[in-house]
Amino acid sequence: MKSRSFSSNRARLWQKAGFRHFLLVSPALVALILLFAYPISRILVKSLFDPHFTLKHYAYFFSSPLYIRVMWITIELSVLTTFTALVIGYILAYVLRRARPGVRNIFLLAIVLSFMISLLVRNYSWILVLQRNGVINSILEHFGIINHPLKLLHNKLGVIVGMTHIFVPYIAFPIYSVMMGMDLNLEKAAQNLGASRWQTFWRVTFPLSLPGIGAGALLVFIMALGFFITPALLGGRKEQMLSNLIQIQVVDLLNWPFASAMSTILLVVTLVIFFIYNRFLGAERLWGGVRT
Amino acid sequence: MEKKKGMTRREFLVSTGAATGGALVAASIGPFVHTTMAKGKTLRVCSYGGSYQESQRKAFFQPFADKFGVKIVEASGGDIAKIKAQVDNKQYEWDVVDLETRHVARGELENLLEPIDTSVVDLSEIDKKAIRKCAVGNIFWTTSLAYNKEALAGKKAAGNWADFWNVKGFPGPRALQDQAPFNLEFALIADGVPMDKLYPLDVDRAFKKLDQIKDSITVWWKNGAQQIQLLTSAEAVYSSAWNGRVNVAQKKGVPLEIVWQGGCLDLDWWCVPKGDPNKDLAMKFIDFALSAKRQGEQMQKYIAYGPTNKDAFKYITPERAKELPSYPENLKKQFQMDADYWGPKLAPLTERWKTWMIS
């Protein structure tokens with residue numbers, strides 16, 4: 001009698017907490033396995049078997065000066081754009097937190113709108129602004145500030161401007177939501193206790209917004225690693241990204257095993273960065289930070 | 001091979017989702033269907049979109065559909081990687097594909113294309129340059145030097161690749177495409193190599209010549225839309241460009257000029273993926289689209305590329321003919337891209353090109 005009720009209890013419990021949750025999660029789980037885990041494992045297999053087990057594609061990657069250099073360029077551009085997007089996104093979130101609700105809504109709408117505009121349109125808009133006879137150079141020349149057009153495009157600067165523009169919302173929103181959950185009275189309390197505005201910022205506001213910074217920066221850095229349309233359109237000859245070389249291997253050269261090895265290496269770099277983040281800040285902050 | 005059966009079936013259904021039930025049956029029993037049974041069938045054609053595919057729609061797709069009662073389903077953006085995926089998994093999404101030369105060369109090397117069935121496709125009027133084992137040329141097009149006449153402000157324009165390399169004599173910002181093919185050839189021409197002696201390329205000499213101009217190139221363009229945007233906005237006064245795009249811009253009133261001298265004549269090709277069950281109908285379409293009348297109409301009315309059918313000029317006015325890459329006077333000034341040279345060399349030379357770019 002007792003054991004039966006225990007087992008039916010347990011079954012009910014399991015049904016309540018576990019099974020129902022599992023049912024709810026299962027569509028997403030199936031989609032992730034089918035559309036994400038399965039293809040990625042195929043890529044890994046493809047990079048290691050050609051047709052028998054081999055590490056030659058990885059060996060080739062690490063022995064060639066081209067791929068190592070381009071990997072560093074990719075990482076460097078990703079770090080730079082993450083940093084500039086972080087600075088601008090932080091200021092934006094900081095101002096929005098303190099703005100009147102009406103102003104805040106207009107700004108939020110503007111940011112959301114920029115999400116909806118195609119990447120290509122935004123890149124071409126920057127070309128119009130930055131090119132030799134573009135908006136900025138025309139204005140500066142008109143007022144006699146410069147005699148020769150500045151080179152703002154088709155170099156590292158152009159790429160950083162274009163990518164930063166795309167990434168700012170991805171950083172501003174997590175920071176903004178963290179700041180919205182922050183009690184502004186804490187700042188008042190700090191100032192009440194004699195802290196200057198600067199001290200208040202560095203010792204109260206900034207540490208409290210760290211989860212948002214971490215989440216946004218991680219998200220943007222990982223996205224930047226895989227970017228290539230913007231560097232291709234706004235960059236110069238040295239702004240070559242790894243994903244661009246992967247595309248050439250896939251589409252033009254049909255060297256899928258090597259392309260798979262390159263993709264795997266890019267994935268490993270991403271995972272290493274995620275691991276470092278997790279080690280020092282904790283991955284749960286990613287989701288927690290966005291929620292609070 | 002490793003794919004699960006269920007997947008195969010579903011992807012197959014998705015890929016032909018738009019087709020009728022009859023077409024589904026026809027596709028699955030494809031090898032046994034004769035072209036005489038064309039009525040009610042579907043032909044899936046992949047090309048490159050834009051005004052180019054529009055010209056094909058008017059000159060080939062609609063007339064073919066009307067004449068043979070075939071439904072044409074269009075796609076765009078074909079490349080040999082997508083064909084390899086279809087051939088490897090035996091799930092055909094396209095029956096006829098318009099491909100660039102590098103994809104054709106790679107496709108022939110890797111046995112991904114059907115040989116052209118000469119019992120169906122009549123090649124007697126077709127230019128020898130446009131005939132390969134697994135592909136027939138569909139248009140001639142040219143990559144050559146183009147410039148913005150207005151931006152030169154009365155200065156003498158560069159008239160060949162040597163002038164393009166002469167940065168002091170012919171000043172102005174310049175652009176080239178970020179890839180090895182074409183550019184190595186242009187460098188050698190600028191260095192004085194006769195156009196009929198380009199292949200096999202003296203690669204070291206070409207890169208040495210490119211070193212001279214490397215820092216004077218303000219933009220290395222990546223796609224077709226970019227070259228015209230650069231020239232139109234005078235971000236680059238000189239650039240290598242595709243003649244068809246330049247022609248479209250000229251017709252819109254943009255003051256661009258193309259220099260035929262030293263241009264690289266290339267082709268787009270009709271191909272059929274290896275093992276396509278619908279290949280008989282595909283060959284029939286290719287034969288139809290190669291006719292002098294069809295090509296003549298396409299080039300006269302819709303787009304400024306060169307016909308590969310030698311008799312097509314009968315249907316093209318003399319004024320229009322002068323704008324086309326395969327017009328005899330223009331043809332004399334150009335060289336033809338050697339697809340068989342580039343086929344096996346593309347991988348190593350692309351790596352060398354990219355290494356050169358970032359250093």
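**Domains of chain B**

A: Start with the domain assignment. This is a predicted model. Chain B is assigned two domains: domain 1 covers 5-140 + 268-321, and domain 2 covers 141-266 + 329-358.

Q: How many residues of domain 1 of chain B are in contact with domain 2 of chain B?
A: Count contacts on both sides. Here 15 residues of domain 1 of chain B are in contact with 15 residues of domain 2 of chain B.

Q: Which elements give two or more residues to the domain 1 side?
A: Helix H3 (50-68), helix H5 (101-109) and strand S4 (136-148) of chain B do. H5(B) gives the most, with six residues.

Q: How does that side divide by class?
A: The side of domain 1 of chain B that touches domain 2 of chain B has nine nonpolar, two polar and four charged residues.

**A helix crossing**

Q: At what angle do the axes of H5(B) and helix H15 of chain B cross?
A: For a helix pair, read the distance and the angle together. The axes of H5(B) and H15(B) (residues 339-358) come within 9 Å and cross at roughly 70°. Angles of 65 to 115 degrees count as roughly perpendicular, and H5(B) and H15(B) are therefore roughly perpendicular to each other.

Q: Which residues make the contact?
A: H5(B) supplies Thr101(B), Arg102(B), Val104(B), Ala105(B), Arg106(B) and Leu109(B). H15(B) supplies Ala339(B), Asp340(B), Trp342(B), Gly343(B) and Leu346(B). By class, the contact has six nonpolar, two polar and three charged residues.

Q: Why look at spacing along a helix?
A: An α-helix has 3.6 residues a turn, so residues three or four places apart point the same way.

**Buried helices**

Q: How many residues of helix H7 of chain B are buried?
A: Burial is a neighbour count: 20 or more other C-beta atoms within 10 Å makes a residue buried. In H7(B) (residues 183-190), eight of the eight residues are buried, so this helix is largely enclosed by the rest of the structure. They are Asn183(B), Leu184(B), Glu185(B), Phe186(B), Ala187(B), Leu188(B), Ile189(B) and Ala190(B).

Q: What covers the buried residues of H7(B)?
A: The cover includes helix H6 (161-165), strand S5 (174-177), helix H8 (203-213), strand S7 (238-242) and strand S8 (256-271) of chain B.

Q: Which residues of H9(B) are buried?
A: In H9(B) (residues 224-232), Gln226(B), Gln227(B), Ile228(B), Gln229(B), Leu230(B) and Leu231(B) are buried.

**A covered strand**

Q: Which residues of S7(B) point one way, and which the other way?
A: In a regular strand the side chains alternate between the two faces of the sheet. Tyr238(B), Ser240(B) and Trp242(B) point one way from S7(B). Ser239(B) and Ala241(B) point the other way. S7(B) is mostly covered, with five of its five residues buried.

Q: Do S4(B) and S7(B) run parallel or antiparallel?
A: Read the sense, then the bridges. S4(B) and S7(B) run antiparallel and are joined by five bridges. Ser144(B) stands opposite Ala241(B) in S7(B). S5(B) and S7(B) pair in the parallel sense over two bridges. There, Arg174(B) has Tyr238(B) of S7(B) as its bridge partner.

**Chain A and the interface**

Q: How many residues of chain A are in contact with chain B?
A: 22 residues of chain A are in contact with 24 residues of chain B. Helix H3 (65-98), helix H10 (229-234) and helix H11 (242-251) of chain A each supply at least two residues of the chain A side. H3(A) gives the largest share, five residues. By class, the side of chain A that touches chain B has 12 nonpolar, five polar and five charged residues.

Q: How far apart are the C-alpha centres of the domains of chain A?
A: Chain A is divided into domain 1 (1-48) and domain 2 (56-291). Their C-alpha centres lie 35 Å apart. The contact takes four residues from domain 1 of chain A and seven residues from domain 2 of chain A.

**Whole-chain totals**

Q: How many helices and strands are in chain B?
A: Chain B has 15 helices and 10 strands. Of its 359 residues, 47% count as buried. Among contacts in chain B between residues at least 6 apart in sequence, 70% join residues at least 24 apart.

Notes
Residues are numbered from 1 along each chain as its sequence is written. Chains are lettered from A and ligands numbered from 1 in the order in which they are written. This is a predicted model: local features need pLDDT of at least 70, side-chain atom pairs count only at pLDDT 80 or more; totals for chains, interfaces and linings use all residues. A residue is buried if 20 or more other C-beta atoms lie within 10 Å of its own, exposed if 12 or fewer, and partly exposed in between; C-beta atoms are placed from the backbone. Helices (H or I, at least four residues) and strands (E, at least two) are DSSP runs, numbered from the N terminus. Domain bounds come from an automatic or database domain assignment. Two residues are in contact if their C-beta atoms, placed from the backbone, lie within 7 Å. Ala, Val, Leu, Ile, Met, Phe, Trp, Tyr, Cys and Pro count as nonpolar, Asp, Glu, Lys and Arg as charged, and the others, Gly among them, as polar. Axes are lines fitted to C-alpha atoms, for helices over the stretch in contact, and angles run from 0 to 180 degrees between N-to-C directions. Angles under 35 degrees count as roughly parallel, over 145 as roughly antiparallel, 65 to 115 as roughly perpendicular and the rest as oblique. Two strands pair if DSSP finds at least two bridges between them.
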